[in-house]
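Please look over the sequence and the structure shown here before reading on. The paragraphs after them go from the whole chain to single residues.

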Amino acid sequence: MPSPAVVQPESKPAETKPEDQKDETWWRNRILQAREAQRRAESFAAALQSQINGLTTDFVNRDDPYQRAKLADNRLKALGELQRVTGEIEQAKKDITDIEEEARRANVPPGWLR
């Protein structure tokens, strides 16, 4: 039976970083990830818009009803995807605003978020 005086510590306090200790690197990484998500979504939206424009042009220039139907179907799918990506862009913008507001409330220097 082990004696109660011999208790092994689960972790060393010096090695663990408290959850509430958020340094400059943490804030920079967080805002950088949010901005990168917004940039990726905006790039994807631009590519989808280009695809939609091309499908619209092809649709107008086709005489074959089967090909027109296929192009119309592809265009509708691309429009649905564009709508989804537009929602992602709006969410990314909201996330950035929320991070900036959280940082302001935590008295984080503005330079950490640039």
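What follows is a walk through a predicted model.

Because the model is predicted, local features need pLDDT of at least 70 and side-chain atom pairs count only at pLDDT 80 or more, while totals for chains, interfaces and linings use all residues. Residues are numbered from 1 along each chain as its sequence is written, and side-chain values use heavy atoms, with hydrogens and water left out.

The protein chain has two helices and zero strands; helices (H or I, at least four residues) and strands (E, at least two) are DSSP runs, numbered from the N terminus. Helix α1 covers residues 24-61, and helix α2 covers residues 65-105. Among contacts in the protein chain with a separation of 6 or more, 77% join residues 24 or more positions apart. Contact here means heavy atoms within 4.5 Å.

How much of the chain is buried? Of its 114 residues, 18% count as buried, a term for a relative accessible area under 20%, with exposed meaning over 50% and partly exposed in between (1.4 Å probe, protein chains only). The protein chain exposes about 8900 Å², and carbon and sulfur atoms supply 53% of that area. Accessible areas come from the Shrake-Rupley method with a 1.4 Å probe; for residues, only the protein chains shown count as cover.

R35 lies in helix α1. Leaving aside neighbours within four places in sequence, R35 is in contact with I96, E100, L113 and R114. In sequence R35 and I96 are 61 residues apart, yet their C-alpha atoms are 7.0 Å apart in space. R35 counts as partly exposed because its relative accessibility is 33%.

N74 belongs to helix α2. Its relative accessibility is 27%, so N74 counts as partly exposed. From N74 to Q51 there are 23 residues in sequence and 9.6 Å in space, C-alpha to C-alpha.

Two ring features remain. The structure holds one aromatic pair. W26 and W27 form this pair, which is edge-to-face, with 4.9 Å centre to centre and 90° between the planes. Rings of Phe, Tyr and Trp (its six-membered ring) pair if their centres lie within 6.5 Å; planes under 30 degrees apart count as stacked, over 60 as edge-to-face and the rest as tilted. W27 is buried because its relative accessible area is 3%, whereas W26, at 34% relative accessibility, counts as partly exposed.

The other feature is the charged end of R68, which sits over the ring of F59, 4.2 Å from its centre. This requires NZ of Lys or CZ of Arg within 6 Å of the ring centre and within 35 degrees of the ring normal.
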